[in-house]
Amino acid sequence: MRTITRAVRHVRAASRLRERDNFLSSLSRRQTTLVNPVSVSTYRGSYIDEIGGYSQPIMISRTLCSPAARDTSGDVGKAGPLVEYERRIAAGELVDGDSCQVGTLRELQRLYDRLVESADACQLDRYAASDKSSRSRWLWSRFIPQFSYSPVKGLYLYGGVGTGKTMLMDLFFEQLPTSWRKKRIHFHDFMLNVHSRLQRHKGVTDPLEVVAGEISDESILLCLDEFMVTDVADALILNRLFGHLFTNGVVLVATSNRAPDNLYEGGLQRDLFLPFISTLKERCVVHEIGSLIDYRKMTSARQGFYFTGDMSSGHLKEKFHQLIGEQTATPQEVEVVMGRKLQVPLGANGCAYFPFKDLCDKPLGAADYFGLFKNFHTLALDGVPIFGLHNRTAAYR
């Protein structure tokens, strides 16, 4: 009897929330002419470009601005990554790639075509579903779990350094319609965001399910660059996180230097990570680029300096002072992630100076380095040693 009473209360609460939504929706229809176009475009930009915190004001903003017309002006002339690649080569914007790169583009074009054909089934277009159907789905999802794998499999690209993986992914992403729920982000940055969200949802029965729900609401198509698992905390949650994401209909496109079977090789408790590899191969087409060409060496490599010899430290400091100009370098402190601080020995004018041992011979990780280079664009690293088995951890950092 108690169970029935609780169920009735849930239904009544959901009904009241639905009535409130109907009121807000009718209010937005009556006041459509009062919506500020600037605020609408600002909301769209944050929705597409940020995978940041989910907040109630954004949902209210979406309700009030729902009648906004779809902007497809940027999609005119887009036919997919392979067509765009050929256009750029003809225009001299790209070097003609090898057969391996072209083969990868065919895979990306195949995925692009499948996504365009299945856009409605994948619910890629944020404007396609009406407010009423969205509220209906929300109501029923409170009582009946909604599981829906995407009808389109994703794509996992792997290959050696300099083979153009990132360029090819960017080419694919730029061709996607602007109205789609999509996100392109570096893998480490993505995982930092996941851990930050988990902190916010402490105390929830299954915080990973909540986080996956937030991410899939924002981005059905998720493009992750440089997929590389090195952290045991990441390794232990990936299978459950992506299990939730895939059942929410997320399509994954990823690039990596490693084949799926070689991810987190030699890592702690790797046996707990192995189910994720199976999940990844089940939900993604795996494609090896296979090119032996390092395209980085075909472009200008004179963007940095590497000093050797007895006077190397002096030359490095001299160059550092040239870069900071008239500013004075002082010790600085930057916040890297979740309140943690990183001490910078010397910094000025966007340039940071570190002895190698302070930056790479201490227990720092991707979160620290991402935080550092959100504050500095140039690094002077002094005293890089000869690497071997005795300092391979520092070499990896």
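**Helix packing and a few loop residues**

Modeller: Let me open with one detail of this predicted model: helix α11 passes helix α12 in a left-handed crossing.

Colleague: Nice place to start! Are α11 and α12 roughly parallel or roughly perpendicular to each other?

Modeller: The axes of α11 and α12 (residues 274–283) lie 8 Å apart, and the angle between them is about 25°. An angle under 35 degrees counts as roughly parallel. The relation of α11 to α12 is therefore roughly parallel.

Colleague: Which residues of α12 make the contact with α11?

Modeller: On the α11 side, the contact uses Leu 238, Asn 239, Phe 242 and Phe 246. By class, the residues of this contact are 5 nonpolar, 2 polar and 1 charged. The α12 side supplies Pro 275, Phe 276, Thr 279 and Arg 283.

Colleague: Now to α9: how is helix α9 oriented relative to α11, roughly parallel or roughly perpendicular?

Modeller: Helix α9 spans residues 187–200 and α11 spans residues 232–247, with axes 12 Å apart and a packing angle of about 85°. Angles of 65 to 115 degrees form a class of their own, roughly perpendicular. The pair α9 and α11 is therefore roughly perpendicular.

Colleague: And how many nonpolar residues does the contact of α9 with α11 have?

Modeller: From α9 come Phe 187, Phe 190, Met 191, Val 194, His 195 and Leu 198. They meet Ala 233, Asp 234, Ile 237, Leu 238, Leu 241, Phe 242 and Leu 245 of α11. Sorted by class, this contact has 1 charged residue, 1 polar residue and a nonpolar count of 11.

Colleague: Let us stay with α9 for a moment. How far apart in space are the C-alpha atoms of Leu 192 and Phe 370?

Modeller: Leu 192 is part of helix α9, and it counts as buried because its relative accessibility is 18%, while the cut-off is under 20%. In sequence, Leu 192 and Phe 370 are 178 residues apart. In space, their C-alpha to C-alpha distance is 9.3 Å.

Colleague: Which share of the chain's contacts with a separation of 6 or more comes from residues 24 or more positions apart?

Modeller: For context, the chain holds 16 helices and 9 strands, and 40% of its 397 residues are buried. Among contacts with a separation of 6 or more, the share from residues 24 or more positions apart is 78%.

Colleague: What is the relative accessible area of Gln 269?

Modeller: Gln 269 also belongs to a loop, the one between β4 and α12. Phi of Gln 269 is positive, near 50°, in a residue other than glycine. Gln 269 counts as partly exposed because its relative accessible area is 46%.

Colleague: One last thing: how many disulfides does a search of the whole structure find?

Modeller: Buried cysteines do occur: Cys 122 has a relative accessible area of 5%, and Cys 223 is buried at 0% relative accessibility. A disulfide would need a pair of cysteine sulfur atoms within 2.5 Å. Across the whole structure, the number of disulfides found is 0.

Notes
Residues numbered from 1 in each chain as written. Predicted model: local features only at pLDDT ≥ 70, side-chain atom pairs only at ≥ 80, totals over all residues. Heavy atoms only, no water. Axes fitted to C-alpha atoms, helices over the stretch in contact; angles between N-to-C directions. Helix = DSSP H or I, 4+ residues; strand = E, 2+ residues; numbered from the N terminus. Parallel < 35°, antiparallel > 145°, perpendicular 65-115°, else oblique. Contact = heavy atoms within 4.5 Å. Nonpolar A, V, L, I, M, F, W, Y, C, P; charged D, E, K, R; others polar. Buried < 20%, exposed > 50% of the residue type's maximum accessible area, 1.4 Å probe, protein only. Left-handed = near helix turned anticlockwise from the far one by under 90°.
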